[in-house]
Amino acid sequence: MSERILTTAEIGQMLGVHQGTVARWVDKGKLKAMVTLGGHRRIKQRDLIAFFRENHMPLPDELASPQ
């Protein structure tokens, strides 16, 4: 099974923050991401989970359950 890849918009909706906030986390190196040729940020689920753990944030239900 392939790994789930998330957009900044999906993560923003999951956390109740603007997708620009998520983009800033990526740009500042706080959240690991891949950047497409078009400049869109894509985040692997495992990297998002690591971000939550490193920042002592509770894991959202969407990430706690297998996809």
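Which elements do the buried residues of H2 pack against? The buried residues of helix H2 pack against H1, S3 and H3. This report describes that packing and its surroundings.

## Basis of the model

The model is predicted: local features need pLDDT of at least 70, side-chain atom pairs count only at pLDDT 80 or more, and totals for chains, interfaces and linings use all residues. Residues are numbered from 1 along each chain as its sequence is written, and side-chain values use heavy atoms, with hydrogens and water left out.

Helices (H or I, at least four residues) and strands (E, at least two) are DSSP runs, numbered from the N terminus. A residue is buried under 20% relative accessible area, exposed over 50% and partly exposed in between (1.4 Å probe, protein chains only). Contact means heavy atoms within 4.5 Å.

## Helix H1

Helix H1 covers residues 8-15, and its buried residues are Thr8, Ile11, Gly12 and Met14. Viewed down the axis of H1, these buried residues fall within an arc of 160 degrees, so they line one face of the helix; the arc is that of the directions from the helix axis to the C-beta atoms. The cover over the buried residues of H1 includes strand S1 (5-7), helix H2 (19-27), strand S3 (41-44), helix H3 (45-54) and helix H4 (61-64).

Thr8 counts as buried, at 11% relative accessibility. Leaving aside residues up to four places away in sequence, Thr8 touches Gln19, Val22, Ala23, Arg41 and Ile43. H1 is followed by Gly16, which has a positive phi near 75 degrees.

## Helix H2 and its packing on H1

In H2, the buried residues are Gly20, Val22, Ala23, Trp25 and Val26. H1 and H2 pack at an angle of about 115 degrees, and their axes lie 8 Å apart. Axes are lines fitted to C-alpha atoms, for helices over the stretch in contact, and angles run from 0 to 180 degrees between N-to-C directions. The two helices, H1 and H2, are therefore roughly perpendicular to each other (angles under 35 degrees count as roughly parallel, over 145 as roughly antiparallel, 65 to 115 as roughly perpendicular and the rest as oblique).

At this packing, Thr8, Ala9, Ile11, Gly12 and Leu15 in H1 meet Gln19, Val22, Ala23 and Trp25 in H2. Gln19 counts as partly exposed, at 40% relative accessibility. Not counting residues up to four places away in sequence, Gln19 touches Thr8 and Ala9. Just after H2, Gly29 takes a positive phi of about 80 degrees.

## The sheet

An open sheet is formed by 3 strands in the order S1-S3-S2, with antiparallel pairing. S1 and strand S2 (34-35) stand at the edges, each with a single partner strand, so one side of each is left without a neighbour in the sheet. Two strands pair if DSSP finds at least two bridges between them; S2 and S3 are joined by 2 bridges. The bridge partner of Met34 in S3 is Arg42. H1 packs on the sheet, touching S1 and S3, and the direction of H1 makes about 80 degrees with that of S1.

## A loop residue with positive phi

His56 is found in the loop between H3 and H4. The phi of His56 is near 55 degrees, a positive value in a residue other than glycine. Most residues other than glycine have a negative phi. His56 is exposed, with a relative accessible area of 73%.
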